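Here is a short walk through a protein model. Please keep the structure in view while reading.

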Amino acid sequence: MPSVIDWQPLKALIEASLRFVITSHVRPDADAIGSELGLAAVLDALGKSVRIINPGATARHLSFLDPTGRVQKLGAGVTIDEACQADVHIVVDTSARGQLEAMCAVLDRTPARKVVIDHHVSGDDLGAMEFRDVTAAATGVLITELAEFLGVALAAEPAAQLYAAIATDTGWFRFPNTDSRTLRTAARLVDRGVQPHRLYRDLYERSTLARLKLTARVLDRVTLAAGGKLAHTYVLQRDFCETGSHPSDTEDLVNEGLTIEGVECAFILVEQPGGQIKASLRSRSRVDVAAICRDFGGGGHVQAAGAMLPGPLEAARERIVSALTQAIQSATSAPDGEGQDGS
């Protein structure tokens, strides 16, 4: 499926501008980091001045994507005033204010033109030019297509960063969002010098003993609900201290619940230092977890979404189990092809 985006207005803005700031959401994943770095390389090739400034630090397991440390964290060597010094501020892989946290102060203050490049359904009005395609499997697909529209031939490194963005958001091309467009885009990046086996090793075969210990705890706590169609588990703050692990080590653990036969939805709750509960939801049925997360102030994709809930953990667990159980029952009883909105 070709992109529904008309890139011409963005091309004109890029040609008329010199200084760019790129940002993405807090706790940036590989799609966010890879898309930022890929876009920065495109703008570099066009002779632009580019900075990447995020509201949070890059997770250590993704640091290999940024070998030169180009991605900066607001407040760690870069001030709000410095982040405002741009002609164009581009937000990738989100448009939700709640996910931008401290960067909202920059977006509210900066005189720069604002641009959003995203593939998520949910978001807020940031007063930006929006280039959104919810049919794209990853923001990395959109940045690759933008590079091609602008006539920029990607070097091997940014091509690998964009490949990582796409591969991770599709579960290494096994999630339902993987389509022919996704695979063709990935193939073109391989033609630019990407070595998928090396990326897979860097992404998934560099675990630590601490992460393995944390994983063991998470798996030991898996509980089934909704007649075996829902799996859920949790992580407490003390687990990180006792295992020596890091919050980023919870990445992708929610998907373990979906490996259980008969399970249609899964979620993991991660207790935050301030007592809030981060919920990550996944679905492989007609259940729209983005709609559920929006009810809790979050959002995301139909089959992968998240939200931040108030504690305590047990109260958050009960709320999500109730919502998902109702959604599973509704999807099960609906005639084929009807399901929930967005499915």
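The model is predicted. Start with helix α2, residues 30-45, and helix α7, residues 156-169. Two packed helices are described by the angle between their axes and the distance between the axes. For α2 and α7, the angle is about 155° and the axes lie 8 Å apart. Angles over 145 degrees count as roughly antiparallel, and α2 and α7 are therefore roughly antiparallel to each other. The crossing of α2 past α7 is left-handed. On the α2 side, the contact is made by Ala30, Asp31, Gly34, Ser35, Leu37, Gly38 and Ala41. α7 contributes Pro158, Gln161, Leu162, Ala164, Ala165, Thr168 and Asp169. By class, the residues of this contact are 7 nonpolar, 5 polar and 2 charged.

Now turn to helix α6, residues 139-149. Of its 11 residues, 9 are buried, so α6 is largely enclosed by the rest of the structure. The buried residues are Thr139, Gly140, Val141, Leu142, Ile143, Thr144, Glu145, Leu146 and Ala147. Gly151 follows α6 and has a positive phi, near 75°.

Leu146 also leads to the next topic. It is touched by Leu10. Beyond four places in sequence, Leu10 touches Val115, Ile117, Met129, Phe131 and Leu146. The largest nonpolar core has 48 residues. Leu10, Leu39, Ile90 and Ile117 touch the most other members of that core.

Key
Residues numbered from 1 in each chain as written. Predicted model: local features only at pLDDT ≥ 70, side-chain atom pairs only at ≥ 80, totals over all residues. Heavy atoms only, no water. Buried < 20%, exposed > 50% of the residue type's maximum accessible area, 1.4 Å probe, protein only. Helix = DSSP H or I, 4+ residues; strand = E, 2+ residues; numbered from the N terminus. Axes fitted to C-alpha atoms, helices over the stretch in contact; angles between N-to-C directions. Parallel < 35°, antiparallel > 145°, perpendicular 65-115°, else oblique. Left-handed = near helix turned anticlockwise from the far one by under 90°. Contact = heavy atoms within 4.5 Å. Nonpolar A, V, L, I, M, F, W, Y, C, P; charged D, E, K, R; others polar. Core = buried A, V, L, I, M, F, W, Y, C linked by side-chain atoms within 4.5 Å.
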